Amino acid sequence: MPAPRHAPDGANGFHYVAEGWRLLSLPGIKRFIIIPLLLNIILMGAAFWWLYTRLDNWIPTLMGHVPDWLQWLSYLLWPLAVISIVLVFSYLFSTLVNWIAAPFNGLLAEQLEGHLTGTPLPDNGLVGILKDLPRIMKREWLKLVYYLPRALLLLVLYFIPGIGQTVAPVLWFLFSAWMLAIQYCDYPFDNHKVSFAEMRRALRRHKFHNLQFGALVSLFTMIPLLNLFIMPVAVCGATAMWVDRYRTPRGEIRH
C-alpha cells in the first residue's frame with residue numbers, strides 16, 4: 001500500500017502541472033489514463049488540424065477590424081490575433097473533449113486520490129461509470145451554464161475596434177485559465193459530492209495559484225503534440241492539489 005501523501009510547502013499552480021506529468025507514470029494508474037488519453041489524441045488532434053487549415057482566412061478578417069489609428073501597431077496585433085483565435089478554440093475544443101471524457105476523468109481522479117492518500121479505492125469499472133453518468137453529466141452542464149454568459153460577453157469585446165485586438169485577448173486568457181482550473185479541479189471535488197458553488201468558493205481562496213495552474217494548462221493546450229497529453233496531466237495535477245490543499249483526512253472539503 002502506498003504511503004499517505006504529505007503536502008509540499010509553498011506549492012503553487014505551476015508545481016501541480018509538473019506534478020501531473022510525474023503522476024502519469026505511477027504504477028496502477030496508467031490503465032485509467034489510456035481512455036482519456038486516446039480520446040484527447042483523436043479529438044484534439046482532429047480539431048486543431050481543422051483550426052490550422054482555417055487560420056489563413058480568419059486572421060485577415062480579424063485584422064480588418066483594426067482602426068486606422070492602430071495600423072502602426074499591426075506587427076504586434078497580428079500575433080495577438082493568432083493567439084486570440086487559438087485561445088478561444090483551444091478552450092472550446094477541450095470543453096467538448098472533457099464532456100465526452102468526463103466519466104473516465106472522474107474515475108482517474110478517484111483512483112489517483114486513493115493512491116496518493118494511501119487508501120486505494122475499489123475499481124468499479126464500467127458499471128461504476130454508468131451508475132455515476134447522470135450526476136457527472138449534470139455537473140458538466142453546470143460548468144457550461146457558468147461558462148457561456150461570461151464567454152459571450154468576452155467574445156463581444158473582440159468586435160470592438162482597438163479593444164478587440166488588445167484588451168480582449170488578455171481577458172480571455174485569464175478567463176480560460178480560471179475555467180480550466182474549475183474544469184479539472186472539479187473531478188476530485190465532484191467525486192466527494194462537493195457542490196459546484198462550494199467548489200468555486202474553495203478555489204477562490206487560492207485564486208492566484210489556481211490561475212497559475214489554469215494558465216499553464218491553457219498554454220500546453222495551444223502547443224501541438226503537448227496538447228494531446230494535457231488532459232490526463234491536468235486531471236492528475238488537480239487531484240494532487242485536492243489532496244494537498246482541500247481534502248480533510250476524512251475525505252471532506254477543508255474550510
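This section describes the fold, salt bridges, helix faces and surface of a predicted model.

Read along the sequence, the order is α-α-α-α-α-α-α-α. Of the 255 residues in the chain, 51% are buried.

The UniProt record, an unreviewed entry, lists residues 32–52, 72–93, 144–164 and 210–243 under "transmembrane region". Two of these segments were examined in the model. Residues 32–52 are 100% helix and 0% strand. The C-alpha atoms at the ends of this segment lie 31 Å apart. Residues 210–243 are 79% helix and 0% strand. Here the end C-alpha atoms are 14 Å apart.

Salt bridges were considered next. The count comes to 7. One of them joins the side chains of Glu-19 and Arg-22, with an N to O distance of 2.8 Å. Both residues belong to helix H1, which covers residues 13–23. They are 3 residues apart, and therefore separated by about one helical turn. An α-helix has 3.6 residues a turn, so residues three or four places apart point the same way. Glu-19 counts as buried, because its relative accessibility of 9% is under the 20% cut-off. Arg-22 counts as partly exposed, at 45% relative accessibility.

Other salt bridges link helices. Arg-139 pairs with Asp-186, and the closest N and O atoms are 2.6 Å apart. Arg-139 lies in helix H4 (residues 125–157) and Asp-186 in helix H5 (residues 163–191), so this pair ties together parts that are 47 residues apart in sequence. Arg-139 is buried, at 7% relative accessibility. Asp-186 is also buried, with a relative accessible area of 1%. A further salt bridge joins the side chains of Arg-139 and Asp-190, at 3.7 Å from N to O. This second pair again links distant parts of the chain, with Arg-139 in helix H4 and Asp-190 in helix H5, 51 residues apart. Asp-190 is buried too, at 8% relative accessible area. These contacts form part of a wider set.

Leu-154 is buried, with a relative accessible area of 12%. Leu-154 and Val-167 are separated by 13 residues in sequence. In space, their C-alpha atoms are 10.0 Å apart.

The loop between H5 and H6 contains Lys-193. Lys-193 is not a glycine, yet its phi is positive, at about 60°. Most residues other than glycine have a negative phi. Lys-193 is exposed, because its relative accessible area of 58% is over the 50% cut-off.

Helix H6 spans residues 196–204. Its buried residues are Phe-196, Met-199, Arg-200, Ala-202 and Leu-203. Viewed down the axis of H6, these residues fall within an arc of 160°, so they line one face of the helix.

Helix H7 covers residues 207–222 and has 16 residues. From its first C-alpha to its last, H7 reaches 22 Å. This is close to the 22 Å expected at 1.5 Å a residue. The buried residues of H7 are Asn-210, Gln-212, Phe-213, Gly-214, Ala-215, Val-217, Ser-218, Phe-220, Thr-221 and Met-222.

The surface carries a nonpolar patch. Its members are Trp-21, Ile-34, Ile-35, Leu-38, Ile-41, Ile-42, Ile-223, Leu-226 and Phe-229. Together they have about 740 Å² of accessible area. Helix H2, covering residues 30–63, supplies the largest share of the patch, with 5 residues. Ile-42 is placed in helix H2. Ile-42 is exposed, with a relative accessible area of 56%.

Key:
Residues numbered from 1 in each chain as written. Predicted model: local features only at pLDDT ≥ 70, side-chain atom pairs only at ≥ 80, totals over all residues. Heavy atoms only, no water. Patch = residues over 30% accessible without salt bridge, like charges linked within 9 Å, V, L, I, M, F, W, Y side chains within 5 Å. Areas by Shrake-Rupley, 256 points an atom, 1.4 Å probe, with all protein chains shown as cover. Salt bridge = Lys/Arg side-chain N within 4 Å of Asp/Glu carboxyl O. Helix = DSSP H or I, 4+ residues; strand = E, 2+ residues; numbered from the N terminus. Buried < 20%, exposed > 50% of the residue type's maximum accessible area, 1.4 Å probe, protein only. Arc of directions from axis to C-beta. UniProt positions renumbered as here; feature names shortened; annotations may be inferred. Expected span 1.5 Å × (residues − 1).
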